[in-house]
Structures are given as structure tokens and as C-alpha cells.
Amino acid sequence: MTSLADSLRSVSQRIVAMWNALAARCNPYAAIFVACAALTGPLIFFRGYNADEGLAVSIARTAIEDGEWLVPHVFNLRWVERPTLLSWIIAAISAPFGAVNQITARLPIALFLLFGCVLIYRLLRQVAAGVPAALFGVALFLACPLVIRSSVLITADLPLAVLLFSAFSLWWGANAQGSLGFGRWLAIGVVLAFAGLLKGPQPIAYFALGIGLYVLGSRSWRQIPWLILAGAICALPLAAWYAAIYTPGDEATWGTFMRVHPALRFSGPVEVFFRLLGETLPAALLAAAFLIARGFSGKDTPGPGSVRPAFVTALACYAFAAALLILFWPGGSTPRYYFPMLLPLAVFGGLGYDLLGARRPQIVAAVMLLTAVLLAYALLYAAASPFPPLRYRQATIDAARITALVQAAPGPIYRTGDTALNVLPYVPGKILEATPDELAAVAGPAWMVLPTDQAETLLARLPDKLHVVMPVGETGQWRLLRLDR
């Protein structure tokens, strides 16, 4: 048994040494750029939209086509659950081209991913982690299953997490140097304002609760007025937007979105905890090993893995204070709500590499192998995107067929609910939202994309004018109908 343990330790030491040698030979920023490009490049061009992405793209498209910039619209339907900064960014980038396309829609997400990786690397180097540890922290982040799925996903979760983490980085950098002043707090407030415009005010709790808890615990009373100032700067554009678009009844929509009165019940804390553990591997494993080995208030000793206890405490407050609140929030939660926690976990993991690489190389090597497997899967996932159409490009295939039919026989396209929200953003032309009763009174010629049950009901009401043209969707769950004059 002793021989086996020695052999395992020897192999683990060689794995760690190989990474150290590789990291020493490469340019860190070039390596980060190449890794992000390899993981996202093919997906930007070939991965079709899903329904959540279709929402953001449709809002951006409507802003360009109908001028609905301030008040978000999904085609002709007013949609005011929250501010939609991501859609505005996509629309601004797409406007010179006259339309939203897959590249202009996905590129901002890929750039946020790159920026997040750079933030992780720079913060680790700032707190005296070695280059191999800092690069491994980036690898841990990229290997998280939640990040793999979201690397080009056109939703606000990844950009929000990166912006919130950049606010933390701005705060810690000045706090560590004792130079927190008006200019730095102004910058933090502006970054938080952009974060709030991505998804509403609730996620700002990661910064507000985390830094607020640290300020109270460390008795840094002078920071409290500045923290309030940053909150006021953040709140101003949010309050202005809500006031500008408000119509009576919107408060019910906002209450549902903010889960004050949740319309949907999500998973409870135990189930979410285990799902979240799977979504945050391998960063969570090495982060936990680091925190257990070092402790939140360990003494700052020289050598690999040494880091100021204040930084560990501050980062832990930022990562976990709001996360614990969300975990026990009435109505449950879902793993994407914890996206802001991923970047701090990756930083803890990088610190764990430095601390445990020499002391417990078996732990580090095991996490490194898991990371390598997950990154290899992510690379294959990206590289395969041009080839299996049903898995990656069914939406674009359906959209191309619909586009050809509509161009041959022009007419507006009607839809109900969230029907074909991953398909119709690709289809040019006038697209309108309507209720099933309104559809019965529509004058042809027109096209309709409806769920199968609604299509059958409407066909029974209009047998002489309406006919099925083709199924739509990966499972044929919708029907494209043609309404004649």
C-alpha cells in the first residue's frame, strides 16, 4: 500500500510539473484568447438558437425593425419583465448590418467569456498566485458544465456574472491598496448599473450583500457611505427605466419576475445544491479543498498558496452570502441563479493549486484530469457543431424552409405564446403575436406557426381557407399553416 501511495504521489507530481512547465512557456493572455476562441468560435457560426436565446434576439430585432428601443417588444408584444441591456447591445452591433444575425448575437457573449477569464487570471496574479495557478483558475472556470453550456448562449447570465465580478475586482484592488475613493466607487457604481440593466436589480445582491457583510465584519465603517453611493449610482438608471416604461399593471409582471409572487416553483435547496455541485465541477472541488486546507482566517505564511486572509474572507462573502439567501428563497431556485458564484470558485481553485500542488499533489492532479476531460468534451462539442443538424441547426433549417415559402407567397406570419421562438428570429418579414381567437378573424393571405393542438382547433374552424404546410421544430411540435384569401 505504501508503494502504491508513493507511485500515485509521484505520478501526481509529474502531472503538476508538466502543467507548470507548459504555463511557463506560453503567453498567458494569448493562451486565454486561443482557448476561448476554440471553445466558442464554431458555436458562434453554427449553433442554432434555443427558445431563451430567441427571446433576446427577437427583442433586439424588434428594436431595429420597429424602433422599439426603450420599451422591449417581442415582435408586436410588449415585454417589460426587466431591462434588456443584452438585447440593446446586440441591436447596436447589428444595426449597421440592417438586421440581427447569429454572429452579431453571439459575439458579445463570447467576448464577455473572454473578459471573465482575463479577470480571473489578473485577480489571481494580483493576490500573488503563480502563473500556472492563475491559468489553471481560468481552466477551472471554462470547464464548469454551466459555463460550457453558456459560452455563447444569448442570455444575460454570463455577462451579468462577469460584470458583477469586475465590480468586485475594482473594489478589492483599491481596498487592498488603501485607495478606495470617490473615483473608484463611481466606477463600481457604473459597472453595477450596467449589471442591473442586464437582468434587473436582484442579482446586485451578490455585490451588495457580499461586500456589505465584509465591511460590517471588518468594521470598515468608512466604506459604508461609499457603498451607499455606489448603490445610488446603480439605482438611478434602473429607476429611470422602470419609471419611463411603466403602465398600470406592470407591477404584477415585475413581482412575478422578481419571484416576489412566483408563477413557477423551482427546485428546493437540497436538490439545487447537488445539481449546482455538478454544474460547478471541477472548480467547486478544488475551491472546497483550498478553503478546508487553509481556513477562512488562516495566518498569512510565506510560500506557495500564501494569500492575505482578508482577501479569502472578502471573496467568500461575495461568493456565498447572496448564494445562501437564494438557496433558501421561497419558491426555489435553479443553477443559473448562481452563475456569479462561478468566477470566485475558479479563483479559490487557482489558489488551491498553489497551496496544494506541492503538499497534496494527488488532489490537484485528480482535479486537473477532470478538468482536462471536461475541456476535451467542450472542444468536441464546439467542433461537432457544423455537422449534426438535428442537434445544432434544426432551427436554421426550419427557418430557411419557412423563409422560402413566405417569399414565394408573401404574407405576415402569426404566432401564439412562445411558439417557435428559436426559429422565427431567423425568418425575415412581418411577424405578429396573436391569441387563438384573434387568429380566427385574421384575413388572408397569411402564415401561422402554432402548437399542434391549436393548429388542429383552428383548422376545424376554417377548413376552407386554412391548410397545413409543414411541421416545425425538433420533434414537429408546431405546425406551419397557410391562410388563403
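In this predicted model, the largest nonpolar core takes in 121 residues. Phe141, Phe165, Phe168 and Trp171 have the most contacts inside that core. Take Phe141: leaving out residues up to four places away in sequence, it touches Leu113, Cys117, Ile120, Val147 and Leu158, along with Phe339, Leu342, Leu343 and Ala346. Apart from this core lies another one, made up of 22 residues, with Phe75, Leu421, Val472 and Trp478 among them.

Then there is Ser166, a residue of helix α8, which spans residues 157–177. With a relative accessible area of 8%, Ser166 counts as buried because that value falls under the 20% cut-off. Its side chain reaches back to the backbone oxygen of Leu163, at 2.6 Å. Setting aside neighbours within four places in sequence, Ser166 is in contact with Phe115, Leu119 and Val191.

On to the strands. Five of them make up an open sheet, ordered β4-β3-β5-β7-β6, and the pairing is mixed. β4 (431–433) and β6 (466–472) sit at the edges, each pairing on one side only. Direction ignored, neighbouring strands of the sheet are turned by 25° against each other on average. Strand β3 (residues 413–415) runs parallel to β4, and three bridges join the two; in β4, Glu433 is the bridge partner of Arg415. Helix α21 (residues 452–461) packs on this sheet, where it touches β5 (446–451), β6 and β7 (478–483). The direction of α21 makes about 130° with that of β5.

Note on methods. Residues are numbered from 1 along each chain as its sequence is written. This is a predicted model: local features need pLDDT of at least 70, side-chain atom pairs count only at pLDDT 80 or more; totals for chains, interfaces and linings use all residues. Side-chain values use heavy atoms; hydrogens and water are left out. A nonpolar core is a set of buried Ala, Val, Leu, Ile, Met, Phe, Trp, Tyr and Cys residues joined through side-chain atoms within 4.5 Å. Buried means under 20% relative accessible area, exposed over 50%, partly exposed in between (1.4 Å probe, protein chains only). Contact means heavy atoms within 4.5 Å. Two strands pair if DSSP finds at least two bridges between them. Helices (H or I, at least four residues) and strands (E, at least two) are DSSP runs, numbered from the N terminus. Axes are lines fitted to C-alpha atoms, for helices over the stretch in contact, and angles run from 0 to 180 degrees between N-to-C directions. A polar contact is a pair of N or O atoms within 3.5 Å; within protein, one must be able to donate a hydrogen and the other to accept it, and residues adjacent in sequence count only if both atoms are side-chain atoms.
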